[in-house]
Amino acid sequence: MAEIVIRNLRKEFGSFTAVKGSTFTVGDGEFFMLLGPSGCGKTTTLRMIAGLELPTSGEILIGGEDVSQRPASKRDIAMVFQMFALYPHMNVRKNISYPLVSQGMPRDRVATKVTEVARTLDIAHLLDKGVGGLSGGDRQRVALARAIVREPKAFMLDEPLGALDAEFREHMAEELRSLHNRMGATTVYVTHDQLEAMQMGDKIVIMNHGVVEQFGVPQDLYDWPATMFVAEFLGSPPMNFLRFDGIVGRGMAAVTLGEAVIDVPQQREDAHGALALGVRPEHVHLDDAAPTRGRVIAAEYLGTSQIVTLATPHGEVKARIPSARAVRSGDTTGLSFDARTLSLFDVATGRALSSAANQTVLAHG
Amino acid sequence: MSAHSVTAASRKAKWVAGILVVLYAVLTLLPLLWIISTSFKSGPDSISYPPKVFFQPTLEGYVNLFTTQARASAEDLATLTPPEAWYDEIAWADGMIIVGPSRFGQRFLNSVIIGFGSTFLSIVLGTLSAYAFSRFRVPLRDDLLFFILSTRMMPPIVVAIPIFLMFRSLGLSDTHAGMILLYTAVNLSLAVWLLKGFIDEIPRDYEEAALIDGYTRFQAFVKVVLPQAATGIASTAIFCLIFAWNEYAFAVLLTSGNAQTAPPFIPTILSVGGGIDWPAVAAAATLFLLPVVVFTILLRKHLLRGITFGAVRR
């Protein structure tokens, strides 16, 4: 197992730049998520770590060794592909033994290891079957077995749950996570599903247009997004933005939106012009006495909670409130926010403004 | 419209289709059947009118094809010891004595060497270049592919005279190597284009999985791509073999003895002696058909998969 360090990694395909100078570190034994919308460069980054693409510039260190220009076969990395890529002309046993055969391992040891891994993944009864007739979940397990059997320095998983049925996905996600907990192997996992990333990841890096937007533990990213992109990409519904023109100064602990004065964490940065107040739906409360007013336009019932959409002078706001509270469309009500949870963004740059609450997170990511 | 009527053909349509297939099969197979049956007829049976459908089969045609014979008078035959081998008996019955093998066996062997040799070479070179065109960023790729295809835009025989002169000065005239080279050159463009299509269909994931599993690019190509491309390789091989096997014009022009193939040789049987020995000609044609038929049957499993390749696997 090994730590993976990525430094200023860049990849150009002709005139298109897929990855623009990424820097992050995957700790030894971490379950690390590469998250972002399609085309953001996350898969290219993964392929560069695996050695399937060579970077245009930058460094990739696996276990302290610079492997950036080394071919995949010399990196001691295992990978699970989105479509599994099981060799169709081999049965399950041959598929799993294939990476061991390439190392020239003696046959009896290969056989023992394959049986062992097959038992771990509960596919021992499938060993002599062809891979064509397997169900999605079993293919997934075979692909995992092929990756695990070699005990590589790290695992690369490229949207491994993407090809599975929705109902089975949940189950497989749990299985993957528990497998990781047992083995403690460094794992890099690519996904576009923010829920999956937060559920499973020890750490997340969020990419957009080839740029690393933020990097850190899921809760830091969720609570203290470094950019408006991260704020919107994480969470469902995403973070609300109340847009306003104003001035924020170092040391200030409140902003003025229209007539309402809203307490915010003490600011550490000056900014003026188009700003946005970011608030998660669960931190919006309906409070008739509050000065920020909103008119209810919709309410979605979700069982224990409901999502209420309100129109305010600063844009639409969604609030997650207990479903016990009766809300009718057309009602006008006041909105109050948890002061400790608020972030301010500079709309022009999309960056979060540093405050007493988020400065440690921002300094890190 | 119900789903049933779209997916399942009606009984009537099945009947019509069945009858059409049988008619087509009769139309194409009847001449072949006639050739094969003629090859087992005796000389008089083969030219009798009305044509004989039922006859006493004999291997006379085959014996005549493979041997050189001399006519002997009844008195001469009486002085000789009676024949022991079955083929000697057949010749004896016609008043002939076998004096040695004919050149057919050697010409046939030439066809086998040149046909299969050039097919093998076309497939090896074709698969490697098709893989390169399919997977790597080859500079001017599209132009190169078009150039390769353009070599098929005129009939190859147009360049017969330049090739004849080149072969003469390179000492390739009437050599196996020369003919293999020529047929490979003609077939290669087809092979590259066909195989590129098949290799494009194979997801790159398989090779990448092999690269990750610790194999080199070439090992991944041999162990993962080639088995996946078996269908394409089989059908391309059949096309290449059929061309090389049946090629007549270049063979007439460039070979005369040592490397002469069967197609230019078979017509020479027609002009031997007085009458035309139709059973021998039919026997030659029958034997000439066999290798391609056998080769196709051996590869038919892959061919059938080739037909359903695009439809089922994705």
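At what angle do helix α2 (residues 11-39) and helix α16 (residues 278-298) of chain B pack? They meet at about 125°, and their axes lie 7 Å apart. Please keep in mind that this is a predicted model. The points below start with that helix pair and then turn to chain A.

**The helix pair in chain B**
- The crossing in which α2(B) passes α16(B) is left-handed.
- On the α2(B) side, the contact is made by B:Ile35, B:Ile36, B:Thr38 and B:Ser39.
- On the α16(B) side, the contributors are B:Trp278, B:Pro279, B:Ala282, B:Ala283, B:Ala285 and B:Thr286.
- Sorted by class, this contact holds seven nonpolar and three polar residues, with no charged ones.

**Chain A as a whole**
- Chain A contains nine helices and 21 strands.
- Its C-alpha trace spans about 80 × 45 × 35 Å along the principal axes.
- Chain A has 365 residues, and 44% of them count as buried.
- Among the chain A contacts with a separation of 6 or more, 66% join residues 24 or more positions apart.

**A closer look at A:Asn181**
- A:Asn181 sits in helix α5 of chain A, which covers residues 166-183.
- Is A:Asn181 buried or exposed? A:Asn181 is exposed, because 10 other C-beta atoms lie within 10 Å and the cut-off for exposed is 12 or fewer.
- A:Phe32 is 149 residues from A:Asn181 in sequence, while their C-alpha atoms are 13 Å apart in space.

How values were computed:
Residues are numbered from 1 along each chain as its sequence is written. Chains are lettered from A and ligands numbered from 1 in the order in which they are written. This is a predicted model: local features need pLDDT of at least 70, side-chain atom pairs count only at pLDDT 80 or more; totals for chains, interfaces and linings use all residues. Helices (H or I, at least four residues) and strands (E, at least two) are DSSP runs, numbered from the N terminus. A residue is buried if 20 or more other C-beta atoms lie within 10 Å of its own, exposed if 12 or fewer, and partly exposed in between; C-beta atoms are placed from the backbone. Two residues are in contact if their C-beta atoms, placed from the backbone, lie within 7 Å. Axes are lines fitted to C-alpha atoms, for helices over the stretch in contact, and angles run from 0 to 180 degrees between N-to-C directions. A crossing is left-handed if the near helix is turned anticlockwise from the far one by less than a right angle, and right-handed if clockwise. Ala, Val, Leu, Ile, Met, Phe, Trp, Tyr, Cys and Pro count as nonpolar, Asp, Glu, Lys and Arg as charged, and the others, Gly among them, as polar.
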